[in-house]
Amino acid sequence: MTRIITYRLSETGRWGYEFYDAGRNRIGSVSGAISTSSPVLIQGGEICWYSQFGIDNMIVPGTSRQVKDNQTGAEVYRIVFWQPGKYEVRTREASDYAEIRDGIYLFGRPLMPVTAMAERVTEADWIPPKNAAVEPYFMTTFYEDVNPAYMMMALSFPALRFY
């Protein structure tokens, strides 16, 4: 079991989240400018992805948002909206679900045990030193070993989901 704390960053004109493991090591981030269509950047280890979605796009069942590799432009995965709180995360190889229940994010395969769960927190034992204001925001628990791409997908999902 692995636990990751997400800290929300607040800066003028920018927003973001940073992810830290229990050893207080920064493992990645997701960030963007406050704008109607600026790309969201997802970074961590070998991962460098981006996603764009215009705020004017209509969100109906089946609407999707692509996440692409920053080097090649190839789609890494897409988030598909099915109904409020129910999403599909689709790659060429697999399809997982993401569900939001009572403010808790659940990730996994249909009819299988939950792989990861992210829940809102307001306190943490440690705050990373930053120039910008930071606050603990999510605690994500991975119940099984996952590859770095799956981990980054789950950690960045709250920043990419449709509202």
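Helices (H or I, at least four residues) and strands (E, at least two) are DSSP runs, numbered from the N terminus. This is a predicted model, in which local features need pLDDT of at least 70 and side-chain atom pairs count only at pLDDT 80 or more, while totals for chains, interfaces and linings use all residues. Residues are numbered from 1 along each chain as its sequence is written, and side-chain values use heavy atoms, with hydrogens and water left out.

**Second largest pocket**

- A pocket here is an open set of points on a 1 Å grid over the protein atoms alone, where a 1.4 Å probe fits, with protein on both sides within 12 Å along at least five of seven lines.
- The second largest pocket holds about 300 Å³ of space; a volume is the space filled by probe spheres set on the points, which are joined across faces, edges and corners.
- Its lining has 15 residues, and Asp-96, Arg-109, Asn-147, Tyr-150 and Met-153 are the closest to the centre. Lining residues have an atom within 4 Å of a point.
- Strand 7 (75-83) and helix 1 (148-160) each give at least two residues to this lining. Helix 1 has the largest share, with 3 residues.
- By class, the lining has 8 nonpolar, 3 polar and 4 charged residues. Ala, Val, Leu, Ile, Met, Phe, Trp, Tyr, Cys and Pro count as nonpolar, Asp, Glu, Lys and Arg as charged, and the others, Gly among them, as polar.

**Nonpolar core**

- In soluble globular proteins, nonpolar side chains tend to be buried together.
- A nonpolar core is a set of buried Ala, Val, Leu, Ile, Met, Phe, Trp, Tyr and Cys residues joined through side-chain atoms within 4.5 Å. Buried means under 20% relative accessible area, exposed over 50%, and partly exposed in between (1.4 Å probe, protein chains only).
- The largest core has 33 residues. Ile-42, Tyr-77, Phe-107, Phe-142 and Phe-157 have the most contacts inside it.
- Helix 1 supplies the largest share of this core, 9 residues.
- Beyond its neighbours within four places in sequence, Phe-107 is in contact (heavy atoms within 4.5 Å) with residues including Tyr-97, Val-114, Tyr-150, Met-153 and Phe-157.

**Salt bridges**

- A salt bridge is a side-chain nitrogen of Lys or Arg within 4 Å of a carboxyl oxygen of Asp or Glu. The count comes to 7.
- Arg-8 pairs with Glu-135, with their closest N and O atoms 2.5 Å apart. Arg-8 lies in strand 1 (residues 2-11) and Glu-135 in strand 12 (residues 133-142), so the pair ties together parts that are 127 residues apart in sequence.
- Arg-8 is partly exposed at 27%, and Glu-135 is partly exposed at 30%.
- Arg-26 and Glu-18 meet at 3.4 Å, N to O. Arg-26 is partly exposed at 46%, whereas Glu-18 is buried at 6%.
- Arg-78 and Glu-75 meet at 2.6 Å, N to O.
- Salt bridges that share partners join Lys-86, Glu-99 and Arg-101 into one network.

**Loop residues**

- Asp-56 sits in the loop between strand 5 (47-51) and strand 6 (64-69). Asp-56 counts as exposed because its relative accessibility is 73%.
- Asp-56 and Ser-37 are 19 residues apart in sequence and 8.7 Å apart in space, C-alpha to C-alpha.
- Gln-71 is in the loop between strand 6 and strand 7. Gln-71 is exposed, at 74% relative accessible area.
- Gln-71 and Asp-145 are 74 residues apart along the chain, and 26 Å separates their C-alpha atoms.
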